[in-house]
Amino acid sequence: MRRLLSVLLILLFLPGLAWGERLVCDVSAPVHAISDTLYGLFFEDINHAADGGLYAELLQNRSFENEDLTKPSAYQHLSGWQFNILTGSNGAVSLEDAAPLHENNPHYVRVQADGAGYAFQNLGYGSSAFRGGICVSPGERYDVSVWLRGEAADGCVEACLTNRAGVPLSDTVRFAPTDAWEKHSGVLTADCQAEDACLTFTVGNAMTVDVDMASLMPQDRVGASWPGGGLRRDLVEALRALQPRFLRFPGGCVAEGSWVWDNLYRWKDTVGPVEQRKENWNTWGYMQSYGIGFYEYFCLCEELGALPLPVVGSGVLCQAREPYEAPMNDAELDAWTQDILDLLEFALGGEETPWGALRSRMGHPAPFDLRYLAIGNENWADIYFTRYEKIRAAVKAAYPDITCIVACGPVADGSLFNASRGRILRSFPEDTVDEHYYMESSWFLRNTHRYDAYPRSTKIFLGEYAAHEPAAGGRRPNNLYSALCEAACLTGIERNSDVVVMCCYAPLLARLGMDQWTPDLIWFSGNQVVRTPNYYIQQMFSAALGDQLIQSAMTDDSGADVKEAAAGLYHTASVTDSGAVYIKLVNVSGQEKRITVQLLGGRHPGDREASALLLAGEKRAVNSLNQESVAPQELPVVFREGEAEIVLPGYSAAVITLP
Ligand code: AHR
């Protein structure tokens with residue numbers, strides 16, 4: 001109740017009250033341009049962000065390629081499926097690899113049904129504890145498909161949504177296999193709500209049929225015409241609302257491979273017809289279908305209005321994971337460099353070029369707007385920089401306008417960081433430097449001035465960061481407080497956005513019950529999206545990005561400068577070219593702050609209506625599936641003769657917009 005009252009008081013003009021701090025923002029005093037690419041996203045297939053997440057495919061292990069690199073077994077190839085669910089059936093199933101659908105997709109199952117028929121089902125992702133399973137809603141339509149090859153021309157395979165016991169939850173479609181591999185497609189309409197549905201195939205007659213590459217996707221999805229099949233709409237909308245200026249992809253560790261070359265991310269495996277893509281065991285311990293491959297990634301960038309920022313391996317495996325195989329030798333590095341040049345041709349080449357032609361055949365004749373290339377992730381030392389230099393030289397020779405991004409190791413300070421930074425300043429002064437930090441909230445508060453002393457010619461890409469509370473039980477929690485500490489740090493980044501040209505939180509997405517990393521920005525189940533307080537900070541800051549930083553200074557009621565750290569108060573102010581003013585205020589203290597915001601510069605006389613978004617709550621508040629306890633509230637603000645008075649509750653952030 002007390003908090004509610006504070007919130008209601010916010011931004012009201014209340015003469016006579018003892019107001020505390022005064023923030024003076026001088027609209028006529030621009031400091032420097034703010035990078036127009038400042039806020040972006042980093043999408044990596046960790047925590048089932050792609051498979052079981054953004055990718056609209058509802059089936060897990062749809063093509064029987066699942067194979068744990070660390071302990072291969074035939075069983076793995078059948079995981080996610082349940083066989084022989086009809087009572088009385090003596091049919092059989094076997095894993096096969098002779099004469100497959102495609103050499104890149106070598107495994108399939110052979111089902112031999114007897115007279116009683118044979119049924120088997122895919123269980124989808126997740127667990128019922130976190131709602132899904134395959135979540136279906138009444139009336140919702142699903143595209144279903146499967147590749148079949150049958151011996152008996154008169155048999156048929158039925159597909160239907162069911163529960164685990166085989167009870168139908170939709171209508172049924174029938175496919176008649178022929179003696180050659182063929183894709184069969186249909187549409188199923190769910191007739192009830194279920195959060196643990198399965199896709200069940202029933203081979204009706206006594207027959208033998210080969211089965212591969214099954215698929216189930218909701219018709220309501222984004223990018224249904226893309227070769228990969230499309231993306232889950234609610235998650236795309238959650239990303240769109242962040243207004244990302246760029247999208248980093250595919251990793252992170254996923255880009256570089258873990259400790260064996262087998263799972264280096266090879267972009268050529270991820271393009272072309274989806275049934276011909278070569279799935280791979282993911283650094284994070286599960287199979288990547290590559291249904292979101294490089295083509296779909298570039299399309300997603302267009303969909304979100306974000307610039308692509310691909311990351312390619314540097315010829316060195318993940319240096320943080322030891323033991324790892326030897327780095328690429330000269331011949332291997334030459335071949336790998338050519339792969340990278342081919343990726344650039346895929347994005348930028350004309351239709352007359354081989355890789356540009358593939359892009360065109362996949363559905364995008366025009367080049368994509370590719371301007372950046374990150375070479376390596378969290379790499380350091382000579383083993384890396386010598387290979388970076390070679391790849392960079394080849395890229396620049398062919399594509400001089402591409403901005404190359406160089407890794408600065410996996411840590412944010414200390415000797416390894418300093419050595420990397422020194423080497424980069426000496427050897428690659430023109431390149432953008434990729435810094436990463438996953439630190440406790442208090443570190444973020446100590447680093448709000450991190451970039452003040454950087455040489456202004458340096459360009460920094462803060463490619464991964466997240467604040468967390470002290471780790472417990474192997475988890476690193478994030479909550480309102482960690483979000484506010486990130487916000488405090490972001491005010492410093494905006495103040496230094498002549499140096500920090502891009503930044504993105506990591507990781508972006510995590511499926512509930514299937515994560516490998518915390519903290520994360522967005523959690524999701526089979527049918528719900530949980531936006532963390534950290535998400536809302538990103539959204540508020542990204543939506544209010546000015547073109548010019550303006551001078552702003554805060555004083556206390558005695559006229560003395562407010563010391564940010566002591567007061568727990570952080571701020572930044574900017575203007576757009578069209579004259580809108582954005583003021584960001586962050587209060588990481590538990591005390592309510594009463595602030596008079598004063599605009600100087602003569603462009604805003606008289607009474608002016610503005611608005612503000614306020615994020616406030618209990619210090620350790622989190623959002624969950626059933627409870628969104630922290631979300632931005634919209635509030636009116638009135639500036640009278642250039643002044644407005646606001647109350648910031650303890651543990652809050654506000655973004656004021658004066659149009
Ligand atoms: O974001 C999770 C991981 O953290 C990334 O894959 C890696 O770059 C970093 O270590």
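A polar contact is a pair of N or O atoms within 3.5 Å; within protein, one must be able to donate a hydrogen and the other to accept it, and residues adjacent in sequence count only if both atoms are side-chain atoms. The side chain of N61 makes such a contact with the backbone oxygen of H77, at 2.9 Å.

This is a predicted model: local features need pLDDT of at least 70, side-chain atom pairs count only at pLDDT 80 or more, and totals for chains, interfaces and linings use all residues. Residues are numbered from 1 along each chain as its sequence is written, and side-chain values use heavy atoms, with hydrogens and water left out.

**N61**

N61 sits in the loop between α2 (50-54) and α3 (74-78). Helices here are DSSP runs of H or I with at least four residues, numbered from the N terminus. Its relative accessibility is 10%, so N61 counts as buried (under 20% relative accessible area, 1.4 Å probe, protein chains only). A polar atom of its side chain also lies 3.2 Å from the backbone nitrogen of E65. Beyond four places in sequence, N61 is in contact (heavy atoms within 4.5 Å) with residues including Q76, W81 and N122.

**Ligand site**

The residues around the ligand (a heavy atom within 4 Å) include I46, C253, W284, E464 and W517. By class, this shell has seven nonpolar, two polar and three charged residues.

| Residue | Distance to ligand oxygen |
|---|---|
| E44 | 2.7 Å |
| N377 | 2.9 Å |
| Y438 | 2.7 Å |

Alone, the ligand exposes 280 Å², and the protein buries 94% of that. These areas come from the Shrake-Rupley method with a 1.4 Å probe.

**Cores**

A nonpolar core is a set of buried Ala, Val, Leu, Ile, Met, Phe, Trp, Tyr and Cys residues joined through side-chain atoms within 4.5 Å. The largest has 145 residues; F43, L54 and I522 touch the most other members. Helix α12 (residues 480-495) gives the largest share, 10 residues. L54 touches F43, L231, I292 and L509, among others, not counting residues up to four places away in sequence. A second, separate core of 34 residues includes A194, L199, M207 and V211.

**Helix α8**

Helix α8 covers residues 354-362, and its buried residues include A357, L358, R359 and M362. The buried residues of α8 pack against α6 (294-304) and α7 (330-348). Just after α8, G363 has a positive phi of about 125°.

Definitions and conventions
Nonpolar A, V, L, I, M, F, W, Y, C, P; charged D, E, K, R; others polar. Buried < 20%, exposed > 50% of the residue type's maximum accessible area, 1.4 Å probe, protein only. Helix = DSSP H or I, 4+ residues; strand = E, 2+ residues; numbered from the N terminus.
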